[in-house]
Amino acid sequence: MSESTSRKTKSAGAIRTLLITTGTLLGVVVFSLFGVGGSYAYLNSAATGTGAVLQAGTAELTVSTGTLSMANFYPGKVETAGFTVTNNGSVPLALSVSSIAGNFAANGLTAAVRSGACAGTGTPVTSGSLGVVLPAGGTTDMCLTVSMANDAPASAIGAASSLTVSLTGVQQ
Amino acid sequence: MTRERMPRRLRNTAIGVGLTIFLALSATGVHAAWTASTSKSATATNGTIGITSSGIDGLGTSYASQNQSAAAKLITLTNSGSTPLTISYATVTNEDPLGGVIRLALWPKPAGACQSSPPTGAYTTFFTGGVKILSGMPSSVNPGTSVQLCAVTTFTGDPATYAGQSITPSLAFTGTVGTSWSAAGSAQQFTQSVAGVPNPLNVKCTTVAIGDRKAIDITWEAAPATVDGYVIVYRGTVHEKAPSGLTIRFEHNELGGQGTTLTVHAVVGGQRSGGIVVPILRDPPSISCVPAA
């Protein structure tokens with residue numbers, strides 16, 4: 001065998017080794033990705049094949065109907081109102097407060113939310129995690145706390161406010 | 001120096017591992033956790049604050065003597081707003097100098113009738129103007145309910161100094177919630193006065209003969225209780241003070257002639273000066289006595 005032929009043979013062997021190694025590792029990675037299940041899938045889609053149906057999961061949150069109504073705030077008053085959140089999806093969701101929007105701050109009010117019934121205890125938050133993971137199909141109580149500071153301005157007397165609590169659930 | 005080459009198999013394996021990691025990391029960007037969101041609406045309405053008052057205009061009275069108090073009166077304060085409130089302030093007008101010696105005492109009405117004298121702890125002030133920070137008031141008045149305060153005014157001044165004077169102060173109450181919410185009731189007025197000096201009654205001037213000289217007798221009825229007595233003033237000089245019902249005789253030579261006018265002044269007080277009490281005259285009232293020729 002000539003030196004040229006020998007060099008070609010060695011190069012081919014190296015490439016083969018490289019491909020085998022890469023392929024093996026890729027296989028392991030792909031297998032691992034499928035192995036963790038729901039964490040990696042196509043969102044809200046379905047595919048139908050011959051003799052089999054592959055249904056992707058869903059993530060959906062709903063709140064109890066109706067607008068909460070609270071009245072007669074004055075300096076020092078704290079009022080709470082309860083509502084429920086339901087996970088209508090198929091995966092557990094960690095709940096958090098995205099925002100509490102509205103004109104309430106200009107009227108001397110502060111608003112915060114915590115998980116659980118209003119009769120219970122807990123520290124409400126204005127944003128961030130509510131510290132609760134809602135299982136698929138589960139419902140949990142939420143408590144909206146609205147309060148007026150003792151130094152609320154006189155301009156707030158008789159004012160009307162609206163507020164919207166935005167909640168987010170992140171798949172666990 | 002020679003450079004050692006990595007074995008080919010080991011080098012290829014390293015390249016494969018690096019490529020795999022690169023591919024794996026590149027792929028992770030397309031995998032995100034599922035999220036869902038929802039929202040809840042709410043409305044919040046703030047309360048209103050208001051206060052009304054009645055009975056303030058019943059504080060009108062007249063004084064005749066020092067440290068005389070008017071009968072206790074009831075002041076009713078009603079929370080006309082939608083929030084609890086505290087009766088925090090009383091606003092009075094400045095009525096100096098008389099207002100500076102009329103004391104107002106306020107205290108919550110007890111179960112029975114108001115005491116005739118302010119109890120210990122009652123809030124007191126004078127009608128010297130400004131916003132008075134009340135103390136001892138009911139801690140909180142609920143919406144739609146009322147509280148009653150007892151009010152007594154006392155004249156602490158010298159009647160001689162303020163005789164015949166009067167003031168018409170106004171008084172208003174303010175309710176508060178928190179540090180910035182407040183509502184003032186409408187101010188109500190009332191009149192307080194110090195009795196004037198009454199004229200001597202039934203003054204008589206009689207010319208009498210004392211030997212070969214003539215004199216004048218001046219008499220009057222007994223002075224009322226609020227008056228110490230009356231004096232005769234002649235040409236600016238106080239000649240004598242008579243508490244009541246006395247006859248003061250001026251002989252003709254003192255009068256300087258017939259037909260001279262004598263003025264009778266009331267005395268409503270006196271001030272001590274050098275061991276004697278100097279009468280303080282009030283003019284008016286006065287009355288002239290012209291003796292007959």
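**Entry 1: N72(A)**

I started at N72(A), which counts as partly exposed because 15 C-beta neighbours lie inside 10 Å. I note here that the model is predicted. I then looked up where the residue sits and found N72(A) in strand 4 of chain A, residues 68–73. Its phi is near 60°, a positive value in a residue other than glycine. I wrote down the background: most residues other than glycine have a negative phi.

**Entry 2: N67(B)**

I looked up another asparagine with a positive phi, N67(B), where the value is near 65°. Is N67(B) buried or exposed? I found 10 C-beta neighbours inside 10 Å, so N67(B) counts as exposed. N67(B) belongs to a loop of chain B, between strand 3 (61–63) and strand 4 (68–69).

**Entry 3: a cis peptide bond**

I checked omega at D96(B) and P97(B) and read about 5°, which is a cis peptide bond. For background, most peptide bonds are trans. P97(B) is in the loop that runs between strand 6 (86–94) and strand 7 (102–108) of chain B.

**Entry 4: the sheet that holds strand 4 of chain A**

I went back to strand 4 of chain A and traced its sheet. This open sheet has 5 strands in the order 4(A)-1(B)-10(A)-6(A)-8(A), and its pairing is mixed. Which strands stand at the edges? I found strand 4 and strand 8 (128–134) of chain A there; each has a single partner strand, so one side of each is left without a neighbour in the sheet. Neighbouring strands of this sheet are turned by 30° against each other on average, direction ignored.

I then looked at one pair inside the sheet. Strand 6 (residues 93–102) and strand 10 (residues 160–171) of chain A run antiparallel and are joined by 9 bridges. In this pair, L93(A) is opposite Q171(A) of strand 10.

**Entry 5: a sheet of 4 strands in chain A**

I traced another open sheet, with 4 strands of chain A in the order 3-5-9-7 and antiparallel pairing. Its edge strands are strand 3 (61–63) and strand 7 (109–115) of chain A, each pairing on one side only. On average, neighbouring strands here are turned by 30° against each other, direction ignored.

How many bridges join strand 3 to strand 5 of chain A? I counted 3 bridges between strand 3 and strand 5 (residues 78–87), which run antiparallel. L61(A) is placed opposite N87(A) of strand 5.

**Entry 6: nonpolar cores**

I looked up the largest nonpolar core and found 74 residues in it. Which members touch the most others? They are L144(A), A44(B) and A151(B). I followed A151(B) further. Leaving aside neighbours within four places in sequence, A151(B) is in contact with L59(B), A72(B), K73(B), I75(B), L104(B), A105(B) and L106(B). Another core lies apart from the largest one; it has 5 residues, including W220(B), Y230(B), V231(B) and I232(B). The background I noted is that in soluble globular proteins, nonpolar side chains tend to be buried together.

**Entry 7: chain B as a whole**

Of its 293 residues, 32% are buried. Among contacts in chain B with a separation of 6 or more, 73% are between residues 24 or more positions apart.

Technical notes. Residues are numbered from 1 along each chain as its sequence is written. Chains are lettered from A and ligands numbered from 1 in the order in which they are written. This is a predicted model: local features need pLDDT of at least 70, side-chain atom pairs count only at pLDDT 80 or more; totals for chains, interfaces and linings use all residues. A residue is buried if 20 or more other C-beta atoms lie within 10 Å of its own, exposed if 12 or fewer, and partly exposed in between; C-beta atoms are placed from the backbone. Two residues are in contact if their C-beta atoms, placed from the backbone, lie within 7 Å. Two strands pair if DSSP finds at least two bridges between them. Helices (H or I, at least four residues) and strands (E, at least two) are DSSP runs, numbered from the N terminus. Axes are lines fitted to C-alpha atoms, for helices over the stretch in contact, and angles run from 0 to 180 degrees between N-to-C directions. A nonpolar core is a set of buried Ala, Val, Leu, Ile, Met, Phe, Trp, Tyr and Cys residues joined through C-beta atoms within 7 Å.
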